[in-house]
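Reader: I would like to go through this model strand by strand and helix by helix. Please keep to what the coordinates show.

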Amino acid sequence: MDAVDVLIEHALVVTMNDRREVVTDGSVAIRGRDVVAVGKSADLAARYEPRERIDGRRFVVTPGMVNTHIHVTGEPLTRGFVPDDTPFEENVFQWLVPLYSVYTEQEERLSAQLAAAELLKSGCTAFLEAGTVRFVDAVVEGLVEIGVRARIGAWVWDLPPEPEVYRQITDEAVERLERTLAAHRSVAGGRIQAWSMIVGHTTCSDALWRAAKDAADRWETGLNFHMSPAATDPEGFLAQYGKRPIEHLADLGVLGANAVLVHCVHVDDNEIKLLAHHRCSVAHCPTTALKVSYGVTQIGKMPEMRAAGVNVAIGTDGNNASNYSDMMRATYLVAGLFKDARRDPKMFPAEVAYEMATLGGARAILSEHEIGSIEPGKRADLVLHDRDRPEWTPLLNVANQLVWAADGRGVHTVFVDGRRVVDAYRLTTLDEHDLYRRAQAAGEAIVARTGLPDRAKWPRI
Ligand SMILES: [Zn+2]
C-alpha cells in the first residue's frame with residue numbers, strides 16, 4: 001500500500017482528461033501538492049493508505065476553474081460604486097481611473113485577498129490578473145497567504161498622461177515590468193508567477209509593446225493585455241497606424257503562443273486569422289460585455305475564433321465592469337450568449353464552455369501541464385461541489401448541471417496545490433469575517449478619498 005495524504009472516495013469525479021471521463025463511485029488520491037491517482041474507489045482503496053479519507057458521496061469533484069482576466073486591485077474594494085448606466089469612456093476615465101489611483105499599499109493587499117476569496121469560494125483556483133495598479137509586492141504577499149494560484153504583474157503603460165500617481169514614461173514602464181518579473185518570476189513553489197503585463201488598448205508605445213513581448217520571451221513567461229472591447233481601440237489604431245490593432249501588433253512581432261489578449265470583441269476576420277496563426281489565447285469576458293455594452297452578442301466573433309483554432313478562455317474582469325467573479329456564472333453566459341445571438345443551440349455546448357473554463361484557461365496561462373484536469377502528475381487543484389443542495393438535485397447530466405444549473409454557491413471544499421484552502425464553505429487560510437469587515441471599511445474610505453459623487457439612485461433615509 002502506498003501512503004498518500006488525502007483520499008477522496010465514492011465521489012462523482014469529472015476528470016476533464018483527454019477522454020473527458022466522469023468516474024462514478026470515484027476516488028482521487030493526493031500526495032503533497034499532486035494528484036497521484038484517479039479512478040474507481042474500489043481500485044484506489046486497494047492501492048493507497050491515506051492519512052485522511054474524505055467521504056465524497058456528497059460531492060462532485062472537478063478541476064479548479066481558471067479565470068484568465070480579473071482586476072484584483074483597483075476594483076474589488078469599490079465594487080458597485082460606479083453607476084451601471086455610464087458610457088464606456090466615462091466609466092473608465094471619470095470613475096475607474098480616479099478610484100484606482102487612491103488605494104494604499106494595505107488596501108491593494110486587502111483588495112487582492114478579497115478577490116481571491118471570492119474566486120476560491122466559487123471554485124476558481126487560478127487566475128491571470130490584469131496588472132496590479134501599484135503595490136505588486138504587497139499583493140503577492142497577500143496571495144501567498146490566502147493560497148490561490150496566480151499569474152500576476154504590474155500595471156504598465158507609457159502613453160496616458162493621467163493620473164500622475166502612476167504615470168510612466170517608456171523607460172520607467174519597461175523598468176517596472178522587468179523589476180516585477182525579476183522579483184516574482186516564481187513564488188511559493190511556482191504557485192504565483194509574474195507575467196509580462198501591459199495595459200494594452202491605445203495606452204502603449206510601439207517601443208513598450210516590443211519590450212513587453214521581448215520580456216515575456218526572455219523570462220519564458222506570458223504576455224497579456226487588453227484589446228478591442230469597444231470600437232475605440234480599432235478606431236485609435238486605424239487613425240494612428242492605418243491598421244487594425246491586431247494587424248499592427250502582428251507587424252510589431254507582439255503576437256505569439258504566450259500572448260493572452262483580453263476581450264477582442266471588435267475584431268475582423270483578418271485579425272482572427274492572425275490570432276489563430278500566432279496561436280494566441282483570448283480572454284472572453286461575457287459579464288463585462290453585458291454590463292459595459294460592448295456588443296459581444298451583436299458583433300462578437302467568439303464562435304469564429306474557436307472555429308479558427310484560437311484558444312478562447314474565460315475571464316470575469318473588474319468588479320465595476322462585471323461585479324462578480326464567479327466563474328461558474330461567467331461560464332453559464334459563455335454557453336448561452338451565442339446560442340441566443342445566432343439562434344443556434346449548437347453554439348458553445350455545456351461541455352465546450354466548461355472546457356474553456358478549465359483546460360482553456362490552463363492553456364492560456366501556459367499551465368496546461370499542471371492544471372485544468374484531474375490526472376496523475378498534475379497539481380491537486382480540486383473543487384468539491386456539494387450535491388446536498390436544490391440546484392444540484394437531481395443530478396442526471398453533470399456537464400449540464402455544472403454550466404446551466406449550479407454556480408459558485410455550491411462550492412463546499414477547495415484544494416490548491418494539495419492544500420485545503422476552503423473547507424465546509426469557509427476559507428481556512430484567513431479569518432473571513434475580519435476580511436469582509438476590513439474590506440467594507442476600506443471601500444468606504446477609498447470612495448471618500450476620491451471625492452466622487454454617490455450616484456446611487458435610491459434615496460438613503
Ligand atoms: Zn480588464
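Author: Two strands count as paired if DSSP finds at least two bridges between them. The model is predicted, and the pairings below are read from it on that basis.

Reader: Which residue in E8 is the bridge partner of alanine 126?

Author: Strand E7 covers residues 124–129 and strand E8 residues 149–152. The two run parallel and are joined by three bridges. In E8, alanine 126 has as its bridge partner arginine 149.

Reader: Leucine 181 lies in H5. Is leucine 181 buried or exposed?

Author: Leucine 181 is in contact with Ala194, Trp195, Ser196, Ala215, Trp219 and Thr221, leaving aside neighbours within four places in sequence. Its C-alpha atom is separated by 9.0 Å from that of alanine 216, 35 residues apart along the chain. The cut-off for a buried residue is under 20% relative accessible area. Leucine 181 has a relative accessible area of 0%, so the residue is buried.

Reader: What is the order of the strands in the open sheet of five?

Author: The edge strands, each pairing on one side only, are E10 and E14 (311–314). The twist averages 25 degrees from one strand to the next. Pairing in this sheet is parallel, and the order is E10-E11-E12-E13-E14.

Reader: Which residue in E12 is the bridge partner of leucine 223?

Author: Strand E11 (residues 223–227) pairs with E10 (residues 196–200) in the parallel sense over three bridges, and there serine 196 stands opposite leucine 223. E11 is also joined by five bridges to E12 (residues 259–263), again running parallel. In E12 the partner of leucine 223 is alanine 259.

Reader: How many of the residues of E11 are buried?

Author: On one side of E11 are Leu223, Phe225 and Met227, and on the other Asn224 and His226. Both faces are covered. In a regular strand the side chains alternate between the two faces of the sheet. The number of buried residues in E11 is five of five.

Reader: Which helix makes a β-α-β unit with E10 and E11, and what is the hand of the unit?

Author: The unit is made by E10, E11 and a helix of residues 206–218. The hand is right-handed, and the helix is H6.

Reader: Which residue of E13 stands opposite valine 260?

Author: E12 and E13 (residues 281–284) run parallel and are joined by three bridges. Helix H13 (residues 327–341) packs on the sheet and touches E13 and E14, its direction making about 130 degrees with that of E14. The residue opposite valine 260 is serine 281.

Reader: Within what arc do the buried residues of H7 fall?

Author: Helix H7 (residues 232–241) has Asp233, Pro234 and Phe237 as its buried residues. Seen down the axis, these line one face of the helix because they fall within an arc of 95 degrees.

Reader: Which exposed residues does H7 carry on the face turned away from its buried side?

Author: The buried residues of H7 pack against H6, E11 and helix H8 (245–252). H7 is followed by glycine 242, with a positive phi near 70 degrees. On the face turned away from the buried side, the exposed residues are Glu235 and Ala239.

Reader: Which glycine takes a positive phi just after H4?

Author: Helix H4 (residues 136–146) has several buried residues, including Val136, Val140, Leu143 and Ile146. Just after H4, a phi of about 95 degrees is taken by glycine 147.

Reader: How many residues does the largest nonpolar core have?

Author: Among the residues with the most contacts inside this core are Leu143, Phe225 and Met305. Methionine 305 touches Cys264, Val267, Ile272, Val282, Val310 and Val312, not counting residues up to four places away in sequence. A second, separate core has 16 residues, among them Val23, Ile30, Phe59 and Phe415. The count for the largest core is 127 residues.

How values were computed
Residues are numbered from 1 along each chain as its sequence is written. This is a predicted model: local features need pLDDT of at least 70, side-chain atom pairs count only at pLDDT 80 or more; totals for chains, interfaces and linings use all residues. Side-chain values use heavy atoms; hydrogens and water are left out. Buried means under 20% relative accessible area, exposed over 50%, partly exposed in between (1.4 Å probe, protein chains only). Helices (H or I, at least four residues) and strands (E, at least two) are DSSP runs, numbered from the N terminus. A crossover is right-handed if, with the strands pointing away from the viewer, the path from the first strand over the helix to the second runs clockwise. The arc is that of the directions from the helix axis to the C-beta atoms. Contact means heavy atoms within 4.5 Å. A nonpolar core is a set of buried Ala, Val, Leu, Ile, Met, Phe, Trp, Tyr and Cys residues joined through side-chain atoms within 4.5 Å. Axes are lines fitted to C-alpha atoms, for helices over the stretch in contact, and angles run from 0 to 180 degrees between N-to-C directions.
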